[in-house]
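I opened this notebook to record what I looked up on sheet packing and on ring contacts. The entries follow in the order in which I made them.

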Amino acid sequence: MSQLALAGGLPVRTAPFAKWPIFGDDERRALLDVLESGEWGGYHPSVKQFEAAFAAFHQAPFAAVAANGTVTLEAALHAAGVGAGDEVIVPPITFVATAAAVLRVGAIPVFADVDAALNLSPEAVRAAITPKTRALMVVHFAGRPADMDALLEIARQHQLTVIEDAAHAHGAQWRGRHVGTLGDIASFSFQHSKNLTAGEGGILIGNREDLIEGARSIFNQGRIPGGAWYQHENLGTNNRLTGWQAAVLLCQLARLPEQLERRARNAEWLNRELAALDFLEPLPADPRVTLHSYYLYVLRLRLDRLPGVTRDAFTAALAAEGIPGISSYPRPLYANNVFRKYECRITPCPEAERSCRDAFWVSHNVMLAETDELKDLVAALKKVAAHAGELAARV
Ligand SMILES: *Cc1c(COP(=O)(O)O)cnc(C)c1O
């Protein structure tokens with residue numbers, strides 16, 4: 001058997017995987033149109049056009065675009081009236097913005113554990129609720145919808161606002177319904193790494209006009225629909241998306257359905273291949289997840305089958321074999337120093353802690369590869385696992 005690339009052996013793969021972002025003449029033409037229109041900012045017609053198109057794609061009646069998927073979370077909280085003294089339940093397995101947004105509006109993030117699929121656990125949420133709880137921040141981690149049946153039922157019982165942080169989940173579906181239309185309001189990001197991107201950008205969509213219009217007013221200097229230019233009804237700021245971004249996003253949205261399908265097809269193949277590998281723990285299947293957008297393809301190691309091997313040693317060896325786009329969380333979000341500087345509450349999160357030792361993921365562009373190329377991912381996983389003893393000795 002050949003040596004690990006980490007130890008000087010030949011890597012499984014030297015060719016690159018699919019590049020990201022993907023673009024072509026449509027994007028070139030759209031950007032030129034904005035250039036020549038003379039209207040470069042947030043009032044270029046493509047901004048409204050994209051806002052409507054994204055909402056229609058998700059079958060959401062209301063939408064408001066913004067500069068990124070962080071200010072959208074803050075505005076959603078503001079619009080829902082969440083502020084000082086309120087508790088908002090958040091998962092610890094997510095990007096910092098999910099919980100930081102809660103602090104930025106003066107509220108208290110309460111970290112509740114995730115389930116084996118790395119989404120907010122309904123049981124943990126129930127245990128974290130107090131009379132001060134006002135909202136749930138539900139992340140569809142990696143693009144897999146969280147258990148919305150259970151979470152919405154808890155929210156109904158306790159009259160909590162449900163904010164979906166759908167930054168990973170463009171186009172994902174729960175029981176045939178698009179994420180972003182399940183809770184009260186939902187936020188998406190168009191940052192460079194996301195499945196739909198213009199480098200930066202964000203949007204709120206949902207069924208509640210009051211929340212969307214409240215957020216829109218914040219994004220646009222407190223203006224209101226039909227109001228005059230120098231008429232400011234609310235305390236707002238400038239979080240407008242530009243014409244450049246909207247023009248690119250319209251082109252990217254046209255590419256999304258095919259990309260979603262390709263990722264899902266590849267994931268199905270990978271799931272089958274990896275099920276045979278005893279050193280991996282498959283994520284629990286859930287037939288209610290009718291479309292997983294695979295922003296990330298999550299893998300979990302069975303460390304009991306890989307004695308002495310750490311997740312970080314395993315992923316370093318995998319990267320050396322030529323597999324790109326691998327990452328993992330070094331710690332649950334609450335273990336970052338920022339959350340020691342503000343009032344937060346951390347409920348027991350054993351699953352989140354465990355996942356920070358055994359979980360890693362490959363990014364969505366790897367999932368856009370030809371199925372044939374994914375064979376290299378499987379081969380690299382097998383090769384690294386076969387050298388587990390050697391890897392353990394290197395630590
Ligand atoms: C990317 C991301 C955000 C923030 O979006 P930006 O557009 O980068 O500000 C928020 N939440 C999650 C879960 C994300 O992955």
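**Helices on the sheet**

I began with helix H7 (residues 209-219), which lies across S1, S8 and S9 and runs at about 20 degrees to S1. Helices (H or I, at least four residues) and strands (E, at least two) are DSSP runs, numbered from the N terminus. Axes are lines fitted to C-alpha atoms, for helices over the stretch in contact (heavy atoms within 4.5 Å); angles run from 0 to 180 degrees between N-to-C directions.

I noted the basis of the entries: the model is predicted, local features need pLDDT of at least 70, side-chain atom pairs count only at pLDDT 80 or more, and totals for chains, interfaces and linings use all residues. Residues are numbered from 1 along each chain as its sequence is written, and side-chain values use heavy atoms, with hydrogens and water left out.

**The sheet**

I traced an open sheet of eight strands with mixed pairing, in the order S1-S9-S8-S5-S4-S2-S3-S13; two strands pair if DSSP finds at least two bridges between them. Strand S1 (62-66) and S13 stand at the edges with a single partner strand each, so one side of each is left without a neighbour in the sheet. Helix H3 (residues 71-79) also packs on the sheet, touching S1, S2, S4, strand S5 (161-165), strand S8 (185-189) and strand S9 (202-206). The direction of H3 makes about 35 degrees with that of S9.

I then checked strand S2 (residues 87-90) and strand S4 (residues 133-139), which pair in the parallel sense over three bridges. Ile-89 stands opposite Leu-136 in S4.

**Aromatic pairs**

I counted 14 aromatic pairs, taking rings of Phe, Tyr and Trp (its six-membered ring) with centres within 6.5 Å; planes under 30 degrees apart count as stacked, over 60 as edge-to-face and the rest as tilted. The rings of Phe-279 and Phe-314 have centres 6.1 Å apart and planes at 40 degrees, so this pair is tilted. Phe-279 lies in the loop between helix H8 (243-274) and strand S10 (289-291) and Phe-314 in helix H9 (residues 311-320), so the pair ties together parts 35 residues apart in sequence. Both Phe-279 and Phe-314 are buried (under 20% relative accessible area, 1.4 Å probe, protein chains only; exposed is over 50%, partly exposed in between).

I also found that Phe-50, Phe-54, Phe-188 and Phe-190 are linked into a cluster by ring pairs.
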